[in-house]
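Trainee: Before I use this model, I want the labels checked against their definitions. Can we go through them one at a time?
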Amino acid sequence: MKKQNFTLVEILVVMVIITILTAFAMGAYATVKKKAYRAQTISAMKSLETAIRSYESTYNQLPFTIVTADVDVQVNDTNDVAGDGYQLLITTLAGTDAAKNPRKIPFLTLDADGSFTDAWGEALFVSFDLSYDGAVDEDKIFGYGLLSRTIAIWSKGPDMGHDVDDANVLNDYNVNSWEK
Ligand SMILES: [Ca+2]
Ligand SMILES: [Ca+2]
């Protein structure tokens with residue numbers, strides 16, 4: 001009776017096939033995850049913009065104190081004109097900070113830990129057209145130029161950065177509310 005042993009070549013072929021299939025599966029998983037994170041971030045930005053609009057129509061002003069009347073104001077955790085502006089913005093919109101939301105209306109639902117972030121756990125960038133010319137000027141800080149919007153929200157994306165990267169691309173992988 002002939003023994004049914006595998007030859008070394010057969011074993012190697014099987015190993016190569018398994019390796020290729022694993023690589024495909026991991027690639028597909030990464031793509032799905034990337035799309036899901038992007039969709040989650042877009043959804044968060046929409047919720048935030050809707051909350052800001054609702055606040056504006058309720059209180060007849062934007063949920064931000066005008067500090068310098070002739071510039072468009074940007075708020076986030078690292079780059080705003082009034083300290084911790086992003087946190088103040090989201091707690092105001094959530095109704096947990098009553099200073100600018102005295103009726104404590106929950107326009108926005110925060111995460112269990114009181115944060116509101118993109119899918120990568122980073123604060124979103126929010127700009128208001130406080131110079132009232134119908135555009136947000138992101139040129140000075142992030143190189144986006146003049147955006148024909150009164151509210152611009154964006155996320156740094158999976159690279160969690162907006163700086164010029166190795167490929168010399170500014171704002172690479174960012175997720176922007178004004179791009180569909
Ligand atoms: Ca403006
Ligand atoms: Ca980025």
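Mentor: Start with pairing: two strands pair if DSSP finds at least two bridges between them. Helices (H or I, at least four residues) and strands (E, at least two) are DSSP runs, numbered from the N terminus. This is a predicted model, where local features need pLDDT of at least 70, side-chain atom pairs count only at pLDDT 80 or more, and totals for chains, interfaces and linings use all residues. Residues are numbered from 1 along each chain as its sequence is written, with chains lettered from A and ligands numbered from 1 in the order in which they are written.

Trainee: What makes β1 and β2 a pair?
Mentor: DSSP must find at least two bridges, and β1 and β2 (residues 125-128) have three, in the antiparallel sense.

Trainee: Why are β1 and β6 called edge strands?
Mentor: The open sheet has the order β1-β2-β5-β6. β1 (73-75) and β6 (175-176) each pair on one side only.

Trainee: How do you know that the span of α1 agrees with its 52 residues?
Mentor: The expected span is 1.5 Å times one less than the number of residues. That gives 76 Å for α1, and its end C-alpha atoms are 76 Å apart, so the two agree.

Trainee: Which part has the lowest confidence?
Mentor: On pLDDT, the predictor's confidence in each residue from 0 to 100, helix α3 (residues 139-142) is lowest at a mean of 66, while α1 is highest at 95. Where pLDDT is low, the predicted coordinates should not be read in detail.
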